Amino acid sequence: MRRFWAALAVLLLLLAGSLANAWYVGQLAGRLSGQLLQARELAGQDQWEQAGRLARQAYAQWQGHHFYLHAVLRHGDTDGVQVAFRAALDCLEREQAGQYAAASGELLERLALLAQAERPSAANVL
């Protein structure tokens, strides 16, 4: 009977860790997306310096969590976000409005997919 309770405790601990990770990734993706949407709006108003500053702050936050995310998520997903960040920042530095809109759209979509992949759902479990 002890083995049953020990196994149940381990299972519940893993479930709690998985749910906490999903919440954490969702919160991080939401914060970063909010900042990137503000940067996109500023770029649309030709306020390139402020947009760049905001996007670089979002990138710094991403970098601050990169080790954890690289450890718990698929490397291809985190690498894709990394590449999308660099493309968006490059377009911001060059003040290329059309290309930045496309690059920031891809980045926002990758962040949304990252959070969605961690949410507990039947599609993610099966």
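Is Asp46 buried or exposed? Asp46 is exposed, because its relative accessible area is 58%, where exposed means over 50%, buried under 20% and partly exposed in between, with a 1.4 Å probe and protein chains only.

The views below show a predicted model, in which local features need pLDDT of at least 70, side-chain atom pairs count only at pLDDT 80 or more, and totals for chains, interfaces and linings use all residues. Residues are numbered from 1 along each chain as its sequence is written, and side-chain values use heavy atoms, with hydrogens and water left out.

**Figure 1. Asp46 in the loop between helix 1 and helix 2.**
Helices here are DSSP runs of H or I with at least four residues, numbered from the N terminus. Asp46 belongs to the loop that joins helix 1 and helix 2. The phi angle of Asp46 is near 60°, which is a positive value in a residue other than glycine. Ala7, by comparison, has its place in helix 1, residues 2-44. Ala7 and Asp46 are separated by 39 residues in sequence and by 58 Å in space, C-alpha to C-alpha. Ala7 is partly exposed, with a relative accessible area of 46%.

With a relative accessible area of 14%, Gln35 is buried.

**Figure 2. The packing of helix 2 against helix 3.**
Helix 2 (residues 48-72) and helix 3 (residues 75-93) pack at an angle of about 165°, and their axes are 10 Å apart. Axes are lines fitted to C-alpha atoms, for helices over the stretch in contact, and angles run from 0 to 180 degrees between N-to-C directions. Helix 2 and helix 3 are therefore roughly antiparallel, a term for angles over 145 degrees, whereas angles under 35 count as roughly parallel, 65 to 115 as roughly perpendicular and the rest as oblique. The crossing of helix 2 and helix 3 is left-handed, meaning that the near helix is turned anticlockwise from the far one by less than a right angle. Among the residues that meet are Trp48, Tyr59 and Trp62 in helix 2 and Val81, Phe85 and Leu89 in helix 3. The residues of this contact of helix 2 with helix 3 comprise 11 nonpolar, 7 polar and 3 charged. In this division Ala, Val, Leu, Ile, Met, Phe, Trp, Tyr, Cys and Pro count as nonpolar, Asp, Glu, Lys and Arg as charged, and the others, Gly among them, as polar.

Thr78 counts as buried, because its relative accessibility is 0%. The side chain of Thr78 reaches the backbone oxygen of His75 at 3.1 Å. Not counting residues up to four places away in sequence, Thr78 touches Trp62, His66, Leu69, His70 and Leu73.

**Figure 3. Helix 4 and its contact with helix 1.**
The axes of helix 1 and helix 4 come within 8 Å and cross at roughly 165°. The two helices, helix 1 and helix 4, are therefore roughly antiparallel, and their crossing is left-handed. The contact includes Val25, Leu32 and Leu36 of helix 1, together with Tyr100, Leu107 and Leu111 of helix 4. The residues of the contact of helix 1 with helix 4 divide into 15 nonpolar, 5 polar and 2 charged. Gly17, also in helix 1, is partly exposed, with a relative accessible area of 38%. Gly17 and Ala101 lie 84 residues apart in sequence and 36 Å apart in space, C-alpha to C-alpha.

**Figure 4. Helix 3 with helix 4, and the loop between them.**
Helix 3 and helix 4 cross at roughly 155°, and their axes come within 8 Å. Helix 3 and helix 4 are therefore roughly antiparallel, with a left-handed crossing. Among the residues in contact are Ala84, Ala88 and Cys91 of helix 3 and Ala103, Leu107 and Arg110 of helix 4. The residues of the contact of helix 3 with helix 4 divide into 12 nonpolar, 3 polar and 2 charged. Glu95 is found in the loop between helix 3 and helix 4 (97-118). Phi of Glu95 is near 55°, a positive value in a residue other than glycine. Glu95 is partly exposed, with a relative accessible area of 49%.

Terms used. Contact means heavy atoms within 4.5 Å. A polar contact is a pair of N or O atoms within 3.5 Å; within protein, one must be able to donate a hydrogen and the other to accept it, and residues adjacent in sequence count only if both atoms are side-chain atoms.
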